[in-house]
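Open the model in your viewer and keep the selection panel at hand. Each stop tells you what to pick next and what is there.

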Amino acid sequence: MERSRIAVAGASGLIGSALVRSLTADGHEVVRLVRGAPRSADQVRWDPEGRHVDAAGLAGCHAVVNLAGAGVGNRRWTAAYKARIRASRVDGTAALAEAVASLAEGERPRVFVNGSAIGYYGETGDRAVDESAPPGEGFLPSLCVEWEAAAAPAQEAGVRTVFTRTGLVVSRRGGAWGRLFPLFRAGVGGRLGDGRQYWSFIALHDEVAAIRHLLDRDDLSGPFNLTAPQPLTNREITAAMARVLHRPALFGVPAPVLRAALGELAGDVLGSARVLPTRLLESGFRFAFPDIDAAIRAALD
């Protein structure tokens with residue numbers, strides 16, 4: 001992709017900040033969406049829950065990337081926090097999609113990349129699923145269905161729209177792995193529940209590379225699973241963490257303890273999601289860190 005102007009919502013998050021670094025390093029102009037008053041020319045104001053965006057700030061952008069949303073695993077899923085999770089994603093996506101659609105044809109972005117999650121598929125057990133699978137049942141699947149549907153105004157306006165159904169990002173800077181690294185380094189890491197549940201992971205480097213691949217390819221649209229080619233069980237990932245960090249992994253956390261500590265969120269931690277990146281591989285994308293040992297080492301570098 002030639003040097004372009006790209007708007008990013010969620011630019012301060014784990015994935016967003018890494019994407020911004022990658023884009024700016026290659027000479028692209030990045031416009032950050034911010035909640036407060038813009039402090040520089042590269043900022044555009046928005047209010048995701050209020051479904052408002054300063055659309056004029058998106059005019060002339062080659063792409064809009066939406067990675068914003070309250071953290072799913074940040075706290076217990078109370079009714080109030082679930083409402084916040086939903087509003088930050090569904091209303092935020094709707095605001096951006098409506099803003100994009102409102103622009104004159106020559107001013108509209110050519111592509112809208114909207115974040116989503118492998119939570120779309122719900123509990124899959126040992127069954128492998130790809131983008132052709134229907135949504136599962138429960139809070140996360142219903143959230144993802146609404147989240148993706150909220151992008152309809154952009155699609156209806158003829159803007160190429162991509163959904164990045166992201167797995168567990170391997171990074172020591174944040175997300176689920178950001179909590180795991182300190183535990184394993186302290187020698188108190190271990191499997192969660194019986195450890196048989198599948199975790200579909202992706203190295204942060206590959207996550208950013210995949211988003212850029214989807215930005216670059218004008219022939220790609222719709223959902224793409226951003227997960228490494230070979231999902232592993234929590235037990236296998238625990239062993240890999242211990243192996244790479246040279247620490248024991250003796251302390252498992254029983255399922256009842258997780259449920260007591262996390263409430264409804266424990267269902268997501270103990271659930272199994274064996275998700276394959278079929279469409280991403282078919283598009284020609286190649287992973288730099290396809291296996292878990294390499295992904296963990298990349299996160300440590």
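Select Ser272. Leaving out residues up to four places away in sequence, Ser272 touches Gly122, Glu123, Thr124, Gly125, Gln197 and Tyr198. Contact here means heavy atoms within 4.5 Å. Ser272 sits in the loop between helix H9 (266-270) and helix H10 (278-282). Helices (H or I, at least four residues) and strands (E, at least two) are DSSP runs, numbered from the N terminus. Ser272 is buried, with a relative accessible area of 5%. Buried means under 20% relative accessible area, exposed over 50%, and partly exposed in between, with a 1.4 Å probe and protein chains only.

A word on the source. This is a predicted model, where local features need pLDDT of at least 70 and side-chain atom pairs count only at pLDDT 80 or more, while totals for chains, interfaces and linings use all residues. Residues are numbered from 1 along each chain as its sequence is written, and side-chain values use heavy atoms, leaving out hydrogens and water.

Next, pick Gly115 in strand E6 (residues 111-117). Gly115 is buried too, at a relative accessible area of 6%. Which residues does Gly115 contact, leaving aside its neighbours within four places in sequence? They are Asn66, Trp147 and Thr164.

Move to helix H7 (residues 234-245), which has 12 residues. From first C-alpha to last, H7 reaches 16 Å, close to the 16 Å expected. The expected span is 1.5 Å times one less than the number of residues. Colour the buried residues of H7, among them Ile237, Met241 and Leu245. The buried residues of H7 pack against helix H5 (175-185), strands E9 (198-199), E10 (201-203) and E12 (232-233), and helix H11 (292-300).

Then show helix H2 (residues 79-102). Its end C-alpha atoms are 33 Å apart, which agrees with the 34 Å that its 24 residues should span. Look at Ala87, where H2 bends by about 25°. That bend is the angle between axes fitted to the seven residues ending there and the seven starting there.
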